[in-house]
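User: I am new to this structure and would like to learn how to read its features. Could you walk me through some of them?

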Amino acid sequence: MAMKGDMLYAWTNDAAIKEKAELGGAVTALWKFALESKAVDAVLVITKGADLYDAKPVLITDPKELAKTAGSLHCGTLLLPKYVKKFLDGAKNMKIGVTVKGCDTMGFIELARRKQINLDNITMIGVNCGGSVSPISARKMIADKFGVDPDKVHKEEIDKGQFIIEYEGGHKGISIDELEEAGYGRRSNCRRCKYKIPRQADLACGNWGVIGEKAGKATFVEVCSDKGAKLLEGAIKSGVLAAETANPKGLEIRAKVEGAMLKLGEKWRKKDFTALGAKMWETINKETSRCIKCYSCIENCPVCFTAAEALTKGSIMVKPGELPPNPMFHMRRFAHISDSCINCGQCEELCAMDIPLALFSHAIRVEGDTTFEPKLGKATYSN
Ligand code: FAD
Ligand code: SF4
Ligand code: SF4
Ligand code: SF4
């Protein structure tokens, strides 16, 4: 019987899923069982769009359609909670399964706190996340650092600290550290991220800790809730999934890798926040003066929507049609998210003027946490 706290290696028995899966195909097999058993009405997952750098969300109701959504897209930087709020009525009347990264998980929790999402109707299968790469930066990185035409690449992966590509003519890997020193690699918010194993999802899946003969063939699954345990057990009983207890040495390795990733996140925070330093507000003022008021940062932020109406309609200080907008446009937005920015990077990634907005809001939130958290107690997550 599966229980919260269990740590397992799992792999699918479904040939079509196995062929397309990143590792053991546990995530996709679990969704197949969830749809077939009607534990969920639909599954919201990420799949390849126009090319390898284009990740798109897709809502699946037919289990036969799931196999093609297996596999990891490291340029998949999009955040799913807002899709559920905007296009699926906040899951008010529909049970939805979602594959989530840490930032997606936090986005769901923040939207549920604001009563925009019905978490009771959401099942989350989490994937561990070392970071994602912006599609535009990935294309440039592959051309400049790998010397390969990005359109000739048919697979990318991140493994053992390397970004690896397979292309017409072979495969190449370069260490993430080297790429990041050169200004490429993971998004800047991902470098600072400290939510590597999404334990607030129902199940947390990844490759860290899979060793021995199962390495590369099985998914490491941590059971994080009773709902997750029920789903896992049902999938095993149905035959679509097989599992065994994780190797104790594998558990140790997984914990060590997680610890190393958290230290790396802390190192990047120090670096980024120190560079911003005492001149933070001056820098914010200077950078945001390039703003063309496209509203993308508001539209795509999972925690900022209460500010949206006030800022898009205009107010005494922020008049409609004024460019660049009065600094209060940005100050008001930062004030709204100052206690709850989850460092998901959407504002920065989608800013029409490439303003480093996530860096600013993350720095403001962390400063607030450092000042007030000892009085408030430990935060739910510390991203
Ligand atoms: P599959 O059955 O192949 O299913 C994969 C699921 O992930 C599908 O539902 C698919 O839609 C979804 N998906 C694909 N791309 C994205 C995306 N960008 N955002 C959200 N969902 C997506 N594991 C580690 O142990 N360490 C890591 O450092 C690590 N980094 C990762 C970084 C990213 C950006 C992603 C997406 C995953 C990462 N993983 C990491 C998880 C790992 O790659 C596998 O997803 C996991 O082990 C499950 O394998 P599987 O064969 O069971 O999944
Ligand atoms: Fe992954 Fe964190 Fe980046 Fe989200 S913010 S993609 S969880 S590293
Ligand atoms: Fe994400 Fe930016 Fe909103 Fe913070 S302010 S939660 S980084 S979109
Ligand atoms: Fe201004 Fe960038 Fe926000 Fe658009 S996304 S409103 S350009 S700060």
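This is a predicted model: local features need pLDDT of at least 70, side-chain atom pairs count only at pLDDT 80 or more; totals for chains, interfaces and linings use all residues.

User: What span should helix α9 have, and how far apart are its end C-alpha atoms?

Analyst: Helices (H or I, at least four residues) and strands (E, at least two) are DSSP runs, numbered from the N terminus. The expected span of a helix is 1.5 Å times one less than its number of residues. The 29 residues of α9, 248–276, should therefore span 42 Å, and the end C-alpha atoms agree, being 42 Å apart.

User: What caps the N-terminal end of α9?

Analyst: That is N247, with a side-chain oxygen 2.8 Å from the backbone nitrogen of K249.

User: Which residues of α9 are buried?

Analyst: Buried means under 20% relative accessible area, exposed over 50%, and partly exposed in between, with a 1.4 Å probe and protein chains only. An α-helix has 3.6 residues a turn, so residues three or four places apart point the same way. In α9 the buried residues include R254, E258, M261, G265, W268 and D272.

User: How many aromatic pairs are there?

Analyst: Rings of Phe, Tyr and Trp (its six-membered ring) pair if their centres lie within 6.5 Å; planes under 30 degrees apart count as stacked, over 60 as edge-to-face and the rest as tilted. The count comes to 5 aromatic pairs. One of them joins Y9 and F220 edge-to-face, at 5.9 Å centre to centre and 70° between the planes. Y9 is in strand β1 and F220 in strand β10, so the pair ties together parts 211 residues apart in sequence. Y9 is buried at 2% relative accessible area, and F220 is buried at 1%.

User: Which residues are closest to ligand 4?

Analyst: Here a residue is near a molecule if one of its heavy atoms lies within 4 Å of it. Ligand 4 is surrounded by 13 residues, the closest being C291, C294, Y295, C297 and C351. Helices α11 and α13 each supply at least two residues of this shell.

Technical notes. Residues are numbered from 1 along each chain as its sequence is written. Chains are lettered from A and ligands numbered from 1 in the order in which they are written. Side-chain values use heavy atoms; hydrogens and water are left out. A polar contact is a pair of N or O atoms within 3.5 Å; within protein, one must be able to donate a hydrogen and the other to accept it, and residues adjacent in sequence count only if both atoms are side-chain atoms.
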